[in-house]
Amino acid sequence: MTSKQLKEALRAGKRVYGTMIASPSPKWMQYVTKIGLDFVFIDTEHIPLDRSTVSWMCQAYKAAGLTPIVRIPSPNPYEACIAMDGGACGVVAPYLETVQQIRDLRGAVKYRPLKGQKLSRVLSGEEKLTQKEKDYLEAYSQDALLIVNLESKVALDNIDTLLAEPDIDAAFIGPHDLSVNLGVPEEYESELWNESCLKIIRKCREKGIAVANHFSDDIEKQLLWAREGMNMMLWNVDMLKMFQGLHKDFAYMRKELGDGETTAATRMDV
């Protein structure tokens with residue numbers, strides 16, 4: 001899907017499918033484009049990818065008909081501008097907990113290339129754009145996606161206020177960080193964690209905002225959340241799937257050949 005098609009699908013409440021891509025290998029393109037994805041998620045918060053590499057990945061996937069969405073390292077509007085200038089069609093900002101953080105990111109994603117004090121006055125309502133300015137900025141960023149990462153108790157407690165801010169296209173649940181912040185680290189069967197995920201999904205869908213949960217441990221949970229309204233099916237990570245496959249293969253070979261068992265973990269937190 002192009003970013004325009006993805007945005008239209010999300011607004012219509014349709015489900016879209018994507019995965020996280022960590023590998024910058026050009027060879028990945030010929031495989032990723034064959035698995036029926038609508039978007040790819042590129043993470044620069046937890047994965048050490050430099051600016052030029054991220055830009056190359058964005059441009060390549062966009063040319064292949066997949067919408068690239070980039071998670072920036074911090075809720076910094078200048079980081080968001082860098083991602084968008086590099087070719088990202090959407091930006092995810094981590095650990096958003098205040099309206100001001102979302103407002104600043106709105107400016108970076110939806111009002112590019114306007115910056116500085118004028119942008120601050122426009123966002124706060126102190127200054128109105130002329131029709132000419134409004135038309136230009138809307139055309140410039142018409143297909144840009146603003147996605148908020150909700151992954152803390154503070155965000156959960158203030159979710160109605162946060163989601164009331166205009167221009168939010170989608171929300172990503174950060175399942176690992178949310179579990180830690182709630183005081184139930186990696187307790188993915190806990191009632192508190194599960195109810196918190198469901199609360200975010202339901203609140204987003206009530207407001208017509210798309211929502212994803214980047215959870216890679218249990219595909220049945222993804223299906224459960226989809227039935228509750230989650231419509232961005234963000235599933236797994238390329239390097240995790242490769243790791244799990246290799247782990248399984250080597251464990252099988254060691255067992256069959258009597259060389260002991262592989263004890264490495266089979267999950268990652270990204």
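Which helix holds both Asp157 and Lys153, and how many residues apart are they? Both lie in helix α8 (residues 153-157), four residues apart, or about one turn of the helix; helices (H or I, at least four residues) and strands (E, at least two) are DSSP runs, numbered from the N terminus. The model is predicted: local features need pLDDT of at least 70, side-chain atom pairs count only at pLDDT 80 or more, and totals for chains, interfaces and linings use all residues. Residues are numbered from 1 along each chain as its sequence is written, and side-chain values use heavy atoms, with hydrogens and water left out.

**Salt bridges**
- The whole structure contains 14 salt bridges, each defined as a side-chain nitrogen of Lys or Arg within 4 Å of a carboxyl oxygen of Asp or Glu.
- In the pair Asp157 and Lys153, the closest N and O atoms are 2.8 Å apart.
- Arg103 and Glu165 form a salt bridge with their closest N and O atoms 3.0 Å apart.
- Arg103 belongs to helix α5 (residues 99-110) and Glu165 to the loop between α9 (159-163) and β6 (170-173), so this pair ties together parts that are 62 residues apart in sequence.
- Lys118 and Glu127 are also joined by a salt bridge, at 3.9 Å from N to O.

**Accessibility of the partners**
- Glu165 is buried at 8% relative accessibility, where buried means under 20% relative accessible area, exposed over 50% and partly exposed in between (1.4 Å probe, protein chains only).
- Lys118 is partly exposed at 26%, and Glu127 is partly exposed at 22%.
- Asp157 is partly exposed at 49%, and Lys153 is partly exposed at 42%.

**Network**
- Through shared partners, salt bridges join Arg103, Arg106, Glu165 and Asp167 into one network.
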